[in-house]
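Let's take a walk through this model together. Have a look at the sequence and the structure first.

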Amino acid sequence: MTIPAPETATTWDGPFDADRAARLVENLRRELAEAKSALATERERAAELGKVVASRGLADARTAAVTKHGVPASLVGYITGDNAEEIEASAAKIAADFSAAQTTTVDPLPGKPKPQLKPGRTANDAAGGGYNPAEVARRIEARA
């Protein structure tokens with residue numbers, strides 16, 4: 001906002017003119033009200049811009065935390081925080097919880113024998129042995 005230049009220099013030549021002084025005071029009050037209004041508008045605009053800058057900063061912090069900790073896209077919505085440190089901590093916790101859930105394996109048949117599916121073995125073979133062709137040939141010869 002620019003302040004207009006005074007129309008005339010204020011000099012009090014001659015006797016005091018009440019009408020002229022009243023107009024001067026009225027004009028100064030109007031200019032002051034306009035300046036206050038413009039200042040309020042600029043403060044509101046600055047507050048809005050501050051919010052935009054803060055949200056972009058938080059978005060950048062969220063993106064950096066997601067990339068750093070490898071948070072899956074399906075879990076990004078669960079990251080919370082009002083500043084970069086809180087976002088970082090939240091992303092780290094989500095990544096740790098998610099990786100712990102992925103590494104935990106559940107035995108599909110608890111308490112049941114697990115088949116050992118290797119060629120040359122039967123279910124009743126001893127755990128330490130393996131397929132030995134010489135032993136098989138000896139058993140065949142012993143039967144003959």
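Let's start with Ser 90, which touches Tyr 78, Ile 79 and Thr 80, leaving out residues up to four places away in sequence; a contact here means heavy atoms within 4.5 Å. Ser 90 sits in helix 2 (residues 84-103). Helices are DSSP runs of H or I with at least four residues, numbered from the N terminus. Ser 90 is also buried, at a relative accessible area of 13%, where buried means under 20% relative accessible area (1.4 Å probe, protein chains only).

A quick word on the background: this is a predicted model, so local features need pLDDT of at least 70 and side-chain atom pairs count only at pLDDT 80 or more, while totals for chains, interfaces and linings use all residues. Residues are numbered from 1 along each chain as its sequence is written, and side-chain values use heavy atoms, with hydrogens and water left out.

Now for the helices and where they lie:

| Helix | Residues |
|---|---|
| Helix 1 | 18-69 |
| Helix 2 | 84-103 |

Helix 1 has 52 residues and reaches 76 Å from its first C-alpha to its last, close to the 76 Å expected (1.5 Å times one less than its number of residues). Its buried residues include Ala 21 and Ala 61. Just after helix 1, Gly 70 has a positive phi of about 70°.

What makes up the largest nonpolar core? Its 10 residues are Ala 61, Ala 65, Val 66, Val 71, Leu 75, Ile 79, Ile 87, Ala 91, Ile 94 and Ala 95. Helix 2 gives the most to this core, with 4 residues. Such a core is a set of buried Ala, Val, Leu, Ile, Met, Phe, Trp, Tyr and Cys residues joined through side-chain atoms within 4.5 Å.

Key. Helix = DSSP H or I, 4+ residues; strand = E, 2+ residues; numbered from the N terminus. Buried < 20%, exposed > 50% of the residue type's maximum accessible area, 1.4 Å probe, protein only.
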